Amino acid sequence: MKTFTTYILYSATIKRYYIGYTSTSLEERLKKHNTNHHGFTGKCNDWLIVWFSVAGTKSEALRLEKKIKKRGAKRFLQDSENSLN
């Protein structure tokens with residue numbers, strides 16, 4: 001069964017977050033983000049995975065990605081951290 005992962009990356013170089021989802025392994029996707037390419041994440045190569053969640057379907061992963069983007073990655077991470085305490 002195919003799984004989908006929604007993830008948040010962070011770059012210390014540009015002090016920005018990136019939110020996305022993938023059906024490939026998270027490690028392989030991170031390698032692609034950290035290569036020189038013509039996209040937002042191609043600006044630097046120090047992206048780190050700071051959060052991820054595995055979903056059963058593509059629609060679930062997309063729904064979570066949109067929710068995080070609407071809230072903002074930084075706020076979403078703060079909310080997630082506060083809910084654990």
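Colleague: Hi! Which residue forms a salt bridge with Asp79?

Modeller: That partner is Arg71, and the closest N and O atoms of the pair are 2.7 Å apart. A salt bridge here is a side-chain nitrogen of Lys or Arg within 4 Å of a carboxyl oxygen of Asp or Glu. Keep in mind that this is a predicted model, where local features need pLDDT of at least 70, side-chain atom pairs count only at pLDDT 80 or more, and totals for chains, interfaces and linings use all residues. Residues are numbered from 1 along each chain as its sequence is written, and side-chain values use heavy atoms, with hydrogens and water left out.

Colleague: Are Arg71 and Asp79 buried, partly exposed or exposed?

Modeller: Arg71 is partly exposed, at a relative accessible area of 35%, and Asp79 is partly exposed at 35% too. Buried means under 20% relative accessible area, exposed means over 50%, and partly exposed is in between (1.4 Å probe, protein chains only).

Colleague: How many salt bridges does the structure hold?

Modeller: Three. One of them joins the side chains of Lys69 and Glu65, at 3.2 Å from N to O. Both residues lie in helix α2 (residues 58-71), four residues apart, or about one turn of the helix. Lys69 is partly exposed at 48% relative accessibility, whereas Glu65 counts as buried at 10%.

Colleague: And what about Glu28, which residue does its side chain meet?

Modeller: The side chain of Glu28 meets Lys31 in a salt bridge, 3.5 Å from N to O. These two are about one helical turn apart, because they sit three residues from each other in helix α1 (residues 26-33). Glu28 is partly exposed at 40%, while Lys31 is exposed at 54%.

Colleague: New topic! What pattern does the chain follow along the sequence?

Modeller: The pattern reads β-β-α-β-α-α, with three helices and three strands. Helices (H or I, at least four residues) and strands (E, at least two) are DSSP runs, numbered from the N terminus.

Colleague: How many of the 85 residues count as buried, as a percentage?

Modeller: That comes to 31% of the chain.

Colleague: What about contacts between residues at least 6 apart in sequence, what share joins residues at least 24 apart?

Modeller: Among those contacts, the share is 57%. Contact means heavy atoms within 4.5 Å.

Colleague: Last one: what does the C-alpha trace span along its principal axes?

Modeller: The C-alpha trace spans about 35 × 30 × 20 Å.
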